[in-house]
Amino acid sequence: MTPSEGDVRAVLNQIIDPCSRVAGAPVGLVDMGLIRRLTLTPGVETVDVHMVIGVTEYGCLLAPSFASEARELLDALPGIGIIDIELDGEFDWVPEDMSAAYRQQLAERRAAINQVMLPTRELPSRSAAPARGET
């Protein structure tokens, strides 16, 4: 039995974007929106995979390592034939490319961090202490 697109996406989603790990909200390439295109072509007993992998910013040097890890993981998946991986030269990733579930997780993570890092400060009431210069 050959792998489905869902099987291939699940394998690719095991590749964690290191920047998301540093941010405390690890996410795979699929949920991050870095698998720009994925095409499966069924053969007799295998399925050929063609994909385009992107990065979030022009200066990111991780695309080749993503491609290498993707090839290694897909090679280990039974029923995979030819693996063709291209690197996206468009650098047109936007946050909306992330899955809705991950965007929600990231928003919750950021809100939790803001509660710790940017606590609201209670101002003393005017009646509690005289203002500077008052007696």
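Hi everyone! Before we start, please keep in mind that what you see is a predicted model.

Let's begin with helix 4, which runs over residues 63–75. Its 13 residues reach 18 Å from the first C-alpha to the last, close to the 18 Å expected at 1.5 Å a residue. Which residues of helix 4 are buried? They are Ala63, Phe66, Ala67, Ala70 and Leu74. Looking down the axis of helix 4, you would find these buried residues within an arc of 100°, so they line one face of the helix.

Now for the core. The largest nonpolar core holds 30 residues, and the ones touching the most other members are Val8, Leu12, Ile35, Met51, Ile53 and Leu74. Where does the largest share of this core come from? Helix 4 provides it, with five residues. As general background, nonpolar side chains in soluble globular proteins tend to be buried together.

Let's zoom in on Val8. Setting aside neighbours within four places in sequence, Val8 is in contact with Pro3, Leu38, Leu40, Val49, Leu74, Leu77 and Ile80.

One last stop: Ser20, in helix 2. Is Ser20 buried or exposed? Its relative accessibility is 4%, so Ser20 counts as buried. Not counting residues up to four places away in sequence, Ser20 touches Ala25, Pro26, Val27 and Tyr102.

Technical notes
Residues are numbered from 1 along each chain as its sequence is written. This is a predicted model: local features need pLDDT of at least 70, side-chain atom pairs count only at pLDDT 80 or more; totals for chains, interfaces and linings use all residues. Side-chain values use heavy atoms; hydrogens and water are left out. Helices (H or I, at least four residues) and strands (E, at least two) are DSSP runs, numbered from the N terminus. The expected span of a helix is 1.5 Å times one less than its number of residues. Buried means under 20% relative accessible area, exposed over 50%, partly exposed in between (1.4 Å probe, protein chains only). The arc is that of the directions from the helix axis to the C-beta atoms. A nonpolar core is a set of buried Ala, Val, Leu, Ile, Met, Phe, Trp, Tyr and Cys residues joined through side-chain atoms within 4.5 Å. Contact means heavy atoms within 4.5 Å.
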